[in-house]
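Me: I'm new to reading protein structures. Could we go through this one together, question by question?

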Amino acid sequence: MSANSNTFDSVKAVILSAHKSTTSEEKVSFYNRWAETYDRDVAVLDYCAPSLAANSISSHFNAVREATVVLDVACGTGLVAKQMKKLGFGHFVGVDGSEAMLDKARETGLYQDLKQCLLGEEPLPVQWGN
Ligand SMILES: C[S@@+](CC[C@H](N)C(=O)[O-])C[C@H]1O[C@@H](n2cnc3c(N)ncnc32)[C@H](O)[C@@H]1O
């Protein structure tokens, strides 16, 4: 899958097609198919959710950023970690159901660990505390 011509309308069609996926497995296979062109496609939409999320966390965060490990749930290709890195965060663990999205996140070199997990079906693969 890809929004071949990479126009606003073609990307919108890709996103609308996601609504055909009903189960978690179907949603994750949709993202497996979209992973290759995801970053390029969302750029066409001026997708600003990753920077909004990073700025929002940053503005409420008072601890030492360099010493903090950020758990990026549904990390996708790593767009949120890229924004948080610019704001001084440096350690990230990513979780996503899509292996193809995790491969893209791995290529960023930002994550110290990446875990595959189908949320809603499996427990979050992280240890709490410490
Ligand atoms: C819209 S993307 C957002 C990715 C990234 N946070 C961003 O802002 O670009 C949604 C992500 O959630 C993942 N996802 C959707 N449903 C999931 C589920 N049930 N379990 C694990 N991951 C899931 C998809 O694989 C995809 O990477």
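Below is a chat about this model, which is predicted.

Me: Let's begin with helix H1. Which of the residues in H1 are buried?
Reply: H1 covers residues 8-17. To count as buried, a residue needs under 20% relative accessible area. In H1, the residues that are buried are Ser-10, Val-11 and Val-14.

Me: And why do those sit on the same side of H1?
Reply: Think of looking down the axis of the helix. The buried residues Ser-10, Val-11 and Val-14 are on the same side of H1 because the arc they cover around the axis is only 100°.

Me: Which helices do the buried residues of H1 pack against?
Reply: Contact here is about heavy atoms within 4.5 Å. The partners are two stretches of chain, 24-34 and 38-44. By name, the buried residues of H1 pack against helix H2 and helix H3.

Me: Is Ser-21 buried or exposed?
Reply: Ser-21 is in the loop between H1 and H2. Skipping residues up to four places away in sequence, Ser-21 touches Glu-26, Lys-27 and Phe-30. Its relative accessible area is 10%, so Ser-21 is buried.

Me: Now the ligand. Which residues come nearest to the ligand?
Reply: There are 18 residues around the ligand. Out of those, the ones that come nearest are Tyr-38, Tyr-47, Ala-74, Asp-96 and Leu-119.

Me: How far is the polar backbone atom of Leu-119 from a nitrogen atom of the ligand?
Reply: Let's take a few polar atoms in turn. Tyr-47 has a polar side-chain atom 2.9 Å from an oxygen atom of the ligand. With Ala-74, a polar backbone atom is 2.9 Å from a nitrogen atom of the ligand. For Leu-119, the distance from a polar backbone atom to a nitrogen atom of the ligand is 2.8 Å.

Me: What share of the ligand's exposed area does the protein bury?
Reply: Start with the ligand taken alone, when it exposes 590 Å². Of that area, the protein buries 83%.

Me: Is Ala-74 buried or exposed?
Reply: Ala-74 is found in the loop between S1 and H5. Its phi is near 60°, a positive value in a residue other than glycine. As for accessibility, a relative accessible area of 51% is over the 50% cut-off, so Ala-74 is exposed.

Me: What about Asp-46, where does it lie?
Reply: Asp-46 isn't a glycine, yet it has a positive phi of about 55°. It's exposed, given a relative accessible area of 63%. As for its place, Asp-46 lies in the loop between H3 and H4.

Me: How far apart in space are Pro-50 and Lys-82, C-alpha to C-alpha?
Reply: Pro-50 is in helix H4, residues 49-60. At 6% relative accessibility, it counts as buried. Leaving aside neighbours within four places in sequence, Pro-50 is in contact with Leu-79, Val-80 and Gln-83. Pro-50 and Lys-82 are 32 residues apart in sequence, and in space they are 8.5 Å apart.

Me: Which elements do the buried residues of H5 pack against?
Reply: H5 spans residues 79-86, and its buried residues are Leu-79, Ala-81 and Met-84. Just after H5 comes Gly-88, with a positive phi of about 105°. The buried residues of H5 pack against H3, H4, S1, S2 and S3.

Me: How far is Gly-94 from Asp-46 in space?
Reply: Gly-94 is in strand S2 and counts as buried, at 0% relative accessibility. Its contacts beyond four places in sequence include Asp-72, Cys-75 and Tyr-111. Gly-94 and Asp-46 are 48 residues apart in sequence, and C-alpha to C-alpha they are separated by 23 Å.

Me: Last one: what feature does UniProt place at residues 70-109?
Reply: Over residues 70-109, the chain is 45% helix and 25% strand. The end C-alpha atoms of that stretch are 15 Å apart. The UniProt entry is unreviewed, and the feature it gives there is "domain: Methyltransferase".

Methods. Residues are numbered from 1 along each chain as its sequence is written. This is a predicted model: local features need pLDDT of at least 70, side-chain atom pairs count only at pLDDT 80 or more; totals for chains, interfaces and linings use all residues. Side-chain values use heavy atoms; hydrogens and water are left out. Buried means under 20% relative accessible area, exposed over 50%, partly exposed in between (1.4 Å probe, protein chains only). Helices (H or I, at least four residues) and strands (E, at least two) are DSSP runs, numbered from the N terminus. The arc is that of the directions from the helix axis to the C-beta atoms. A residue is near a molecule or strand if one of its heavy atoms lies within 4 Å of it. A polar contact is a pair of N or O atoms within 3.5 Å; within protein, one must be able to donate a hydrogen and the other to accept it, and residues adjacent in sequence count only if both atoms are side-chain atoms. Accessible areas come from the Shrake-Rupley method with a 1.4 Å probe; for residues, only the protein chains shown count as cover. UniProt positions are given in the numbering used here, feature names are shortened, and annotations may be inferred rather than shown by experiment.
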